[in-house]
Amino acid sequence: MAGLCNHDTDLMGVAGNPASPIHLLDPRAKVCGFVLLTLVAVSASFATWPVFVACAIVLATVAGLAGVGAGVVWRRARVVLPLVLFVAVFLPFFRAGGTEWSIGPFTVSEVGLETFVAVSAKATIGTVSAVLLGATTAFPDVLRALERMRVPRLLVQTSAFMYRYLFVIVEETRRMRSALLARGYHPRHALQAAAIGRVASALFVRTYGRGERVYLAMLARGYRGDMPQLDTLALRRPDVVFLVLLAVPLLAVRLGVVLAP
Amino acid sequence: MSCAVDARGLVYRYPNGQPALDGIDLHVEHGERIAVLGPNGAGKTTFVLHLNGLLRGEGELEVAGLRVDDDSLHELRARVGLVFQDPDDQLFMPTVREDVAFGPLNMGLPAADALAKAREALAAVRMEGAFERAPHQLSMGERRRVAIATVLAMGPQLLVLDEPSANLDPRARHDLLDVLERIDRTMLAVTHDLPFAAELCERAVILARGRIVADGRCEELLADDELLARYDLELPAGFDPALVTRRPRPDSIAELATS
């Protein structure tokens with residue numbers, strides 16, 4: 001259990017210096033800021049590469065201010081990034097255009113390579129933005145921000161329950177896996193993997209049962225269909241300053257590269 | 001005359017027609033601490049869910065001075081604090097703070113008052129330090145105490161605990177007992193941990209096959225080996241219920257019981 005917790009906080013919790021100016025910002029300012037940064041990056045292309053550089057500089061500055069080290073960013077980003085880059089890596093071989101080079105049986109195109117670089121840059125900037133948001137903002141605060149930003153409440157509540165019960169389900173899965181291994185389960189061919197299917201269905205039934213019990217527990221404490229609101233968020237001057245300092249240079253570079261001759 | 005629980009001929013059948021409660025008669029006065037003992041499948045949890053109006057059977061049921069019906073449900077749930085067996089079912093919000101404030105907010109309290117109630121309730125179970133933590137970061141014993149705080153924050157008259165000592169190591173069990181002994185509320189604890197029942201409750205009833213089959217002073221019931229064996233209950237080897245020293249109930253609740 002202790003191992004699980006350490007692993008979780010390493011990958012999920014708030015990291016860096018919890019008293020940094022970035023950590024103390026209103027979660028809505030951070031959500032808006034990182035979404036804006038991602039949108040600016042996504043709107044750029046290989047030809048407008050200075051935009052990627054500007055985004056990277058802003059991310060590095062935010063990480064520096066928050067005291068979030070490269071190690072933390074790398075450990076968290078590598079969970080998602082390889083999947084995205086795996087798709088992008090085929091682009092140079094399948095996208096034709098510009099100069100083409102032959103490498104054995106494969107052909108690599110210039111346009112394909114440019115697209116690969118641009119897609120990789122966008123994916124990396126988007127992922128690092130999400131990682132920095134997660135490292136500087138507790139997940140419940142992100143949920144509060146989303147709720148206040150009029151994201152459908154059902155969606156926010158579903159995410160809240162998912163966050164709460166993720167750890168419970170992970171622990172149940174771990175116990176069931178141990179139970180399989182303890183009885184010598186060691187699949188050698190595809191058919192033996194059927195046991196994993198049964199574990200999944202048992203997990204589903206248990207989770208369904210838990211859902212019903214949680215609902216009873218909510219009713220028992222006076223729940224009548226509406227989640228009560230506890231917190232009020234207020235945007236303060238540092239939040240506005242953060243958004244302005246982040247948005248102005250990014251938008252200036254983005255518009256600058258469009259208008260440049 | 002108002003009482004904590006008054007059940008007469010309470011019957012509940014599962015959807016397949018099988019009776020889970022088969023005519024329960026039970027009277028509990030304000031201020032009492034009562035243990036409901038019984039083997040697995042005796043109907044203990046089903047009975048507990050009736051006390052909060054989560055299940056509705058046939059027969060008469062009055063809890064915390066209210067007849068259980070559609071009109072009284074909201075008030076009933078404020079007066080009866082039900083603590084579930086698995087704290088992971090009870091603690092469903094992302095942080096302890098939000099979870100403990102959930103009940104008071106549902107009762108219509110403003111956020112500042114709800115937070116004050118939450119702090120007070122967490123202090124009563126000695127978990128003040130967990131205010132901003134997430135439930136999954138707490139140990140089983142801590143989660144159980146926070147689960148009790150979630151209902152204490154609603155200021156209930158009656159505290160109903162379903163298997164409070166399940167899955168606790170001796171230290172956590174001892175801490176929980178210590179916390180419960182200081183809470184000045186009428187208490188009904190469902191359990192098959194007989195020593196725990198003996199240490200907390202003066203009175204005990206045995207529930208078997210959906211009926212109350214024995215009712216009396218806890219140490220007398222637990223001293224009757226034949227009775228316990230008949231209903232698949234057993235004291236740990238060497239445990240003598242006569243030697244149990246129970247901490248006196250807090251003054252406020254002792255007065256309530258005698259008035």
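This is a predicted model: local features need pLDDT of at least 70, side-chain atom pairs count only at pLDDT 80 or more; totals for chains, interfaces and linings use all residues.
**Entry 1. Chain A, overall build**

I began with the secondary structure of chain A, which has 11 helices and two strands. Following the sequence, I read the order of elements in chain A as α-α-α-α-α-α-β-β-α-α-α-α-α. I then looked up how spread out the chain is. The radius of gyration of chain A is 23 Å, whereas the globule rule gives 18 Å for 261 residues, so chain A is more spread out than a compact globule. Along the principal axes, the C-alpha atoms of chain A fill a box of roughly 65 × 60 × 30 Å. I noted that 27% of the 261 residues of chain A count as buried. For contacts in chain A between residues at least 6 apart in sequence, I recorded that 74% join residues at least 24 apart.

**Entry 2. Chain A, domains**

I next consulted the domain assignment of chain A. Domain 1 takes in 2–151 + 232–256, and domain 2 takes in 161–225. The C-alpha centres of these two domains of chain A lie 33 Å apart.

**Entry 3. Where the chains meet**

I turned to the contacts between the chains and found 24 residues of chain A in contact with 29 residues of chain B. On the side of chain A that touches chain B, the elements giving two or more residues are helix 8 (139–148), helix 9 (153–182) and helix 10 (194–220) of chain A. Which of them gives the largest share? I found that helix 10 of chain A does, with eight residues. By residue class, I noted 18 nonpolar, one polar and five charged residues on this side of chain A.

**Entry 4. Nonpolar cores**

I looked up the largest nonpolar core, which holds 82 residues. Within this core, Ala35(B), Ala149(B), Val160(B) and Ala197(B) touch the most other members. Helix 6 (residues 140–152) of chain B gives the most to the core, namely six residues. I then followed Ala149(B) to its contacts beyond four places in sequence: Val100(B), Ala121(B), Leu122(B), Ala124(B), Val125(B) and Met127(B). A second, separate core has 37 residues, including Ala41(A), Phe52(A), Ala54(A) and Ala121(A).

**Entry 5. A sheet in chain B**

I traced an open sheet of four strands in chain B, with the order 2-1-4-5 and antiparallel pairing. Its edge strands are strand 2 (19–28) and strand 5 (66–67) of chain B, each of which pairs on one side only. Strand 1 (residues 5–13) of chain B is joined to strand 2 of chain B over seven bridges in the antiparallel sense. I marked Val11(B), which stands opposite Asp22(B) in strand 2 of chain B.

**Entry 6. One residue, Ala208(B)**

Is Ala208(B) buried or exposed? It counts as buried, because it has 20 C-beta neighbours inside 10 Å, and the cut-off for a buried residue is 20 or more. Leaving aside residues up to four places away in sequence, I listed its contacts as Gly38(B), Pro39(B), Ala42(B), Val213(B) and Tyr231(B). I also looked up Leu37(B), which is 171 residues from Ala208(B) along the chain. The C-alpha atoms of Leu37(B) and Ala208(B) are separated by 8.5 Å.

Notes. Residues are numbered from 1 along each chain as its sequence is written. Chains are lettered from A and ligands numbered from 1 in the order in which they are written. A residue is buried if 20 or more other C-beta atoms lie within 10 Å of its own, exposed if 12 or fewer, and partly exposed in between; C-beta atoms are placed from the backbone. Two residues are in contact if their C-beta atoms, placed from the backbone, lie within 7 Å. Ala, Val, Leu, Ile, Met, Phe, Trp, Tyr, Cys and Pro count as nonpolar, Asp, Glu, Lys and Arg as charged, and the others, Gly among them, as polar. Domain bounds come from an automatic or database domain assignment. A nonpolar core is a set of buried Ala, Val, Leu, Ile, Met, Phe, Trp, Tyr and Cys residues joined through C-beta atoms within 7 Å. The radius of gyration is taken over C-alpha atoms; the globule rule is 2.2 Å times the number of residues to the power 0.38. Two strands pair if DSSP finds at least two bridges between them.
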